[in-house]
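Please open the model in the viewer and keep the selection panel at hand.

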Amino acid sequence: MRLHVSLPGLQLKNPIMPASGCFGFGEEFAKLYDLSMLGGIMIKAATGESRFGNATPRVAETAEGMLNAIGLQNPGAKAIVSDKLPFLSTFDTEIIANVAGSTPEEYVYVAETMSADPTVKALELNISCPNVKCGGMQFGTDPVMAAELTRLVKAASSKPVYVKLSPNVTSITNMAKAVEAAGADGITMINTLVGMRIDVTTGTPILANRIGGLSGPAIKPVAIRMVYEVAQVVDIPIIGMGGVRTVDDVLEFIYAGASAVAVGTANFENPYVCQEIIEALPHRLDELGIDHILDVRGKAYEQIVSRT
Amino acid sequence: MRQFVTVLSNHPIAKGAMEMKVSVENSVIAPGTFFHVKTSELLRRPLSVANVEGDVVTFLYKIIGKGTQDLAERRPGDVLDVLGPLGNGFPLEQTGKRVVLVGGGIGVPPLYYTRRRLADRGIETVAILGFDTKESVFYEEAFCALGETIITTVDGSYGEAGFVTGPLARIEADVLFSCGPEPMLKAVAASHIEERYVSIENRMGCGIGACFACVCEAPGGYVKVCSDGPVFRAEEVTL
């Protein structure tokens with residue numbers, strides 16, 4: 001029970017879950033290990049209708065990271081409910097559905113559709129995808145729009161709503177406070193940082209979409225800093241993510257103030273990474289003399305406060 | 001799925017082509033499938049299978065960037081983290097048919113293992129292998145040992161001058177298996193051979209079908225190169 005974490009709508013047997021967009025709907029990874037060992041699964045973003053996504057190339061490697069511009073390719077909310085959730089319901093793990101859209105009406109429709117399924121325990125409101133022309137990040141960079149969308153989706157959803165924040169803002173704490181005031185049950189952070197790579201042999205951007213979202217170990221210090229700042233100004237729980245690939249990365253996020261941690265890009269490098277982190281956590285807690293994992297939640301700032 | 005394999009040898013065999021042999025645990029490998037290989041870089045590199053002999057798998061690769069440069073520096077005894085075999089290969093059930101194998105450059109390797117497995121089944125094959133220049137030709141003898149083999153070079157320094165499409169136009173065959181650069185695949189996909197299969201290469205993320213990075217345009221949407229392919233019927237993809 002030293003790994004158990006209770007969050008709005010979610011009873012996590014451990015605080016580790018694959019991040020949305022990095023795990024599909026679990027089918028591929030289920031061939032590699034038992035998904036029931038995961039605390040939860042944040043499934044790939046759903047939109048109102050099916051989307052084909054962006055042209056290729058959709059990925060480009062960077063120093064200790066990768067840029068992606070997939071463009072929310074998915075079969076649409078209804079098809080996810082009918083074709084993907086029945087499989088996921090066979091595992092003893094908490095399913096968090098990522099909700100995306102181009103318009104407030106689309107977000108509301110997707111939130112209603114996804115939250116109505118009993119397999120879905122919570123929604124992750126995606127207002128931070130940098131790779132779509134309409135919607136996505138534009139809702140996540142203006143606190144007023146973010147709050148309004150959070151209110152609408154909260155009203156439409158029968159399950160708790162976690163808002164996924166974009167790091168591409170001037171003040172992450174203002175964004176966090178705005179969605180908390182609008183009724184968010186929790187925050188997930190961070191989504192990718194907007195970036196670009198250029199092929200010097202052609203002089204043109206490598207990604208067909210030109211820009212993409214930077215993820216991987218390169219962004220972890222940014223994510224830790226943002227979780228650290230947000231955890232001190234909101235009372236709702238944070239699921240932290242950004243560059244996690246080891247058990248110590250997980251603990252860094254917890255120390256910074258997160259209550260659970262999602263693993264994204266590392267699943268591509270090592271598809272067994274979530275399993276390995278979960279298995280390693282108890283040993284690492286022993287080594288560090290930590291009883292329950294949340295005993296150290298937010299300790300990074302609490303210790304500084306007590307020192308002054 | 002994941003194996004830690006030992007490097008047995010790793011050296012250049014032609015201009016722009018390295019050959020690496022590794023010993024694997026599970027050598028039940030279909031021709032046309034690939035391994036997703038961990039290098040010094042974040043994302044794995046997909047390498048097609050050039051040959052399987054006992055528990056020894058051969059990869060041929062071209063040094064393009066940091067990941068393949070790192071692979072080129074591996075020495076015998078080094079251990080590689082690989083996922084695989086992954087994907088769907090060439091359909092070998094071609095009894096009674098004549099198969100033409102068309103490869104271009106670093107797309108040639110999977111066709112060697114494929115040809116060996118077709119030969120095991122007594123299926124008649126003819127190979128057309130295209131290279132840039134004489135120094136970049138590899139595996140000619142090995143291919144010739146398995147049947148008629150036509151080499152082309154773009155600069156005319158060896159074999160027939162020009163592209164693989166030159167000799168392909170005069171070949172009579174029922175089925176075509178192809179792997180190589182996209183313009184070549186596009187040309188052979190439009191050839192006169194009735195049943196045509198192409199093996200597609202793309203930048204990959206996960207390699208197992210979860211991330212949607214390596215998709216290829218297809219009639220009515222996209223297909224995933226890593227898990228729906230990499231081998232497709234020519235009609236299944238929009239090249």
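Contact here means heavy atoms within 4.5 Å. The model is a predicted one.

Begin by selecting the residues of chain B in contact with chain A: there are 25 of them, and they meet 31 residues of chain A. Between the two chains about 2400 Å² is buried, with carbon and sulfur atoms contributing 64%.

Next, display the charged side chains at this interface, where four salt bridges are counted between chain B and chain A. One to centre on joins E269(A) and K38(B), with an N to O distance of 3.4 Å. Then highlight strand β14 (residues 221-224) of chain B, which gives the most to the side touching chain A, namely three residues. Coloured by class, that side of chain B shows 13 nonpolar, five polar and seven charged residues.

Now colour chain B by its domain assignment: domain 1 (2-86), domain 2 (90-199) and domain 3 (201-239). The C-alpha centres of domain 1 and domain 2 of chain B lie 22 Å apart, and their contact takes 20 residues from domain 1 and 16 residues from domain 2.

Which three residues supply 37% of the area that domain 1 of chain B buries against domain 2 of chain B? Select K15(B), P31(B) and L60(B) to see them. Finally, look for charge pairing between domain 1 and domain 2 of chain B: zero salt bridges are found, whereas eight residue pairs are in polar contact, both at pLDDT 80 or more.

Notes. Residues are numbered from 1 along each chain as its sequence is written. Chains are lettered from A and ligands numbered from 1 in the order in which they are written. This is a predicted model: local features need pLDDT of at least 70, side-chain atom pairs count only at pLDDT 80 or more; totals for chains, interfaces and linings use all residues. Side-chain values use heavy atoms; hydrogens and water are left out. Buried area is the accessible area (1.4 Å probe) that two parts lose on being put together, summed over both. Helices (H or I, at least four residues) and strands (E, at least two) are DSSP runs, numbered from the N terminus. Ala, Val, Leu, Ile, Met, Phe, Trp, Tyr, Cys and Pro count as nonpolar, Asp, Glu, Lys and Arg as charged, and the others, Gly among them, as polar. Domain bounds come from an automatic or database domain assignment. A polar contact is a pair of N or O atoms within 3.5 Å; within protein, one must be able to donate a hydrogen and the other to accept it, and residues adjacent in sequence count only if both atoms are side-chain atoms.
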